[in-house]
Amino acid sequence: SSSCSRCRSAVRAARASPGISSPGMALPPENVGWAYAKHPDVPPKAVDIFELQPQAMPEVKEGMILAKTLAVVVAPHTRAFLKLPGNDVGAEAIGLQRTEIGECVPCEVVAEVVESKSKRWEVGDRLLSFAPLVQYQTFDIDGKQGPGQGRATKLWGSGPPEAHLNTSAGITAHVVINHHPCGMVTGPGEGGCLSGCLSFLRPRPQKTVLVTSAAGAVGVQAGQLYKLKGCRVIGVTSTRAKAALLSDYGFDAAIAYKEEDMDARLAELAPEGVDVFFDNVGSWQLDVGSKHMKVGGRIVQVGCASEIDNYATGNITGWKEYHRMAARELMVGGFLLTRHMSKIPAAVLSLMLLAKRGKLKDAQTVVRGGWDKFTECVDRLHSGDGFGRLVLVFEDQSDRGYGA
């Protein structure tokens, strides 16, 4: 098809475009990016939704840098942020802009500076950004960020590109667990200085936490952070193989919903009920978890992975057990990171310290390949194939010396 032909041409251009060795050298002749090209069919396939398209090579003006993408996080938002009937939820009001047809897909990327006209950045510096998935893009470092540009955070230290993406995986979990009223395991007034000093006078019972999509990027970090707070953590994942891996990350128990009855297993594992439910899935798993909440329990809805295929039609399954919210006086809330950007620096510092002390383990599935691998990775993510964060590292990352 013409779409496949354009994709192959763009892939050849991506593989043929090497890096830039100094600011004075000519720019590579080609640039490419993955764009939202077509509304999903049902069932959706990434290769039918996204297209690798030629992109204009950006001009590097004074105060700007040009960076080449080395690695990208393949996350649920890749499809969840597309402009579709089923996700017209008004999140734009708190900073979430949906991707329009023709626009490049926003992703978390690690990139390397290949040309700099900024006094603060040098060629070879690396950055982390939430930005369009293109091979080369500019960042207005010394002035106001351009439209559609993610802010660039300079990365320190060496190592493979995927190493820089370990800490960021836990940011959502950290902010929810430490700041969201429905994700915290302490009650109102329990976190203050005086109550903390006198806590030995009033022993608290261990809290039971349920985490869905526990083998996903956010879930596996959430489970570990709740364990550090002394909780008993139950994870829900797809298979027994993944459930076994969760025990290595501190989970007390795990339910394989494709091989077990989640409702029956949860009754066995939490006979007295669940205190906090950290939900990444929605739909029927949210229903089952809701049935096992304690009176006064808390549900925080962080994601709804099970509904992403339904966004194309707008036929959302929804939450059928909402009547338990009143019957058990449940506290229920949602979370979107774009409304909590000010908390990210402290979360990153805390996560780095925990990792350095060996208290937090990384979980990644790393795929190495060309730019044509992106759609394969998107489908792999939504099929549940992988553990932790799925990262695509572009195989041409070490290309250097354009024009030499």
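A: We begin with a term: contact means heavy atoms within 4.5 Å. The model shown is predicted. With that cut-off, V73 touches C107, E108, L165, R389 and L390, not counting residues up to four places away in sequence.

Q: Is V73 buried or exposed?

A: Buried means under 20% relative accessible area. V73 has 3% relative accessibility, so V73 counts as buried. This residue lies in strand β3, residues 65-74.

Q: How far apart are V73 and V366 in sequence and in space?

A: V73 and V366 are 293 residues apart in sequence, and their C-alpha atoms are 9.5 Å apart in space.

Q: What is the order of the strands in the open sheet of six strands?

A: A general idea about strands comes before the case. In a regular strand the side chains alternate between the two faces of the sheet. Here the order is β10-β9-β8-β11-β12-β13, with parallel pairing. The edge strands, β10 (253-256) and β13, each pair on one side only. On average, neighbouring strands of this sheet are turned by 15° against each other, direction ignored.

Q: How many bridges join the strands β11 and β12?

A: Strand β11 (residues 274-279) and strand β12 (residues 293-301) run parallel and are joined by five bridges. D279 has Q301 in β12 as its bridge partner. On to the next pair: β12 and strand β13 (residues 331-334) also run parallel, with four bridges between them. There, Q301 has G334 of β13 as its bridge partner.

Q: Which residue of β9 is the bridge partner of V209?

A: The partner is V233. Strand β8 (residues 208-212) pairs with strand β9 (residues 232-237) in the parallel sense, over five bridges.

Q: What do β11, helix α9 and β12 make?

A: They make a right-handed β-α-β unit, in which α9 covers residues 283-291. Helix α9 is mostly covered, with seven of its nine residues buried. The buried residues are S283, Q285, L286, D287, V288, G289 and S290. These residues pack against β8, β9, α8 (262-269), β11, β12 and α10 (324-327).

Q: Which strands does helix α6 lie across?

A: Helix α6 (residues 217-228) lies across β8, β9 and β11, and runs at about 150° to β11. Q221 has a relative accessible area of 4%, so Q221 is buried. Leaving out residues up to four places away in sequence, Q221 touches A169, G170, A173, L360, K361, D362 and A363.

Q: How do I describe two helices that pack together, and what is the angle between α4 and α11?

A: Two packed helices are described by the angle between their axes and the distance between the axes. Helix α4 (residues 171-179) and helix α11 (residues 344-356) pack at an angle of about 105°, with their axes 9 Å apart. Angles of 65 to 115 degrees count as roughly perpendicular. Therefore α4 and α11 are roughly perpendicular to each other. I171, H174 and V175 of α4 make the contact with I344, A347, V348, S350 and L351 of α11.

Q: How many residues of the contact of α4 with α11 are nonpolar, polar and charged?

A: Six are nonpolar, two are polar and none is charged.

Technical notes. Residues numbered from 1 in each chain as written. Predicted model: local features only at pLDDT ≥ 70, side-chain atom pairs only at ≥ 80, totals over all residues. Heavy atoms only, no water. Pairing = 2+ DSSP bridges. Right-handed = clockwise from strand over helix to strand, strands pointing away. Axes fitted to C-alpha atoms, helices over the stretch in contact; angles between N-to-C directions. Parallel < 35°, antiparallel > 145°, perpendicular 65-115°, else oblique. Nonpolar A, V, L, I, M, F, W, Y, C, P; charged D, E, K, R; others polar. Buried < 20%, exposed > 50% of the residue type's maximum accessible area, 1.4 Å probe, protein only.
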